[in-house]
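Please open the structure in your viewer and keep the selection tool at hand.

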Amino acid sequence: MDRPQELVKPVKRRFIYLTFALAMLVELVPLPSGSTRWLPDFVGLLLLYWVINLPSRVNIGTAFALGLIADVATAGLFGQHALAYSITAYLALLRQRQLVMFNLGQQALAVLALMLTNQAIMVVVRMITGAAFVGWGYFLPPLIGALLWPLLTKLLVLPYRRHSL
């Protein structure tokens, strides 16, 4: 199997929790009102990373729990993130074995599709509850997230690289 050695080494549960906590903190940082339009959903992006690369530890249940935490943290419609993250994680798990074999460019395209699905679910839920359509600019963050995917992948593998001299 031509899998990188970094992904074969065991990942500590603490590291996974730490990445989610940092992503949640990034989501909560107060930024100027216009700057948040282009920022991707870092919790959703990390969720996809761990679901794709470590489905035995991060799965639909984790996605649901993180979604509930995100709903409470953002004071959004309760269950909106939970539903979107759960469906997105399920879709990623359906093709997980294929996704891990893709190169980073192909994975980025798959992540783009999954993040767009995530945003679409959020829009539909908001519209069902009576909110107006937020505009097409709401679908820009998944593109930024897909562009950040290779960098995110490289950063999360760094602690588990073998340092051979």
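Begin by selecting Pro10, which is placed in the segment before helix H1 (13-28); helices here are DSSP runs of H or I with at least four residues, strands are runs of E with at least two, and both are numbered from the N terminus. The model is predicted, so local features need pLDDT of at least 70 and side-chain atom pairs count only at pLDDT 80 or more, while totals for chains, interfaces and linings use all residues. Residues are numbered from 1 along each chain as its sequence is written, and side-chain values use heavy atoms, with hydrogens and water left out.

Pro10 counts as exposed because its relative accessibility is 66%; exposed means over 50% relative accessible area, buried under 20%, and partly exposed in between, with a 1.4 Å probe and protein chains only.

Next, display the whole chain. It has 7 helices and 0 strands. Of its 165 residues, 40% count as buried.

Now move to Thr19, in helix H1. Is Thr19 buried or exposed? Thr19 is buried, with a relative accessible area of 7%. Apart from neighbours within four places in sequence, Thr19 is in contact (heavy atoms within 4.5 Å) with Leu46, Trp50 and Leu156.

Select helix H2 (residues 42-53). H2 has 12 residues and reaches 16 Å from its first C-alpha to its last, close to the 16 Å expected at 1.5 Å a residue; the expected span is 1.5 Å times one less than the number of residues. H2 is largely enclosed by the rest of the structure, because 11 of its 12 residues are buried. Among these buried residues are Leu46 and Trp50. What covers the buried residues of H2 includes H1, helix H3 (60-74), helix H4 (80-94) and H6.

Finally, show helix H6 (residues 104-128) together with H2: the two pack at an angle of about 130°, with their axes 11 Å apart. Axes are lines fitted to C-alpha atoms, for helices over the stretch in contact, and angles run from 0 to 180 degrees between N-to-C directions. The angle makes H2 oblique to H6; under 35 degrees counts as roughly parallel, over 145 as roughly antiparallel, 65 to 115 as roughly perpendicular, and the rest as oblique. To see the contact itself, select Gly44, Leu45, Leu48 and Ile52 in H2, which meet Val111, Leu114 and Met115 in H6.
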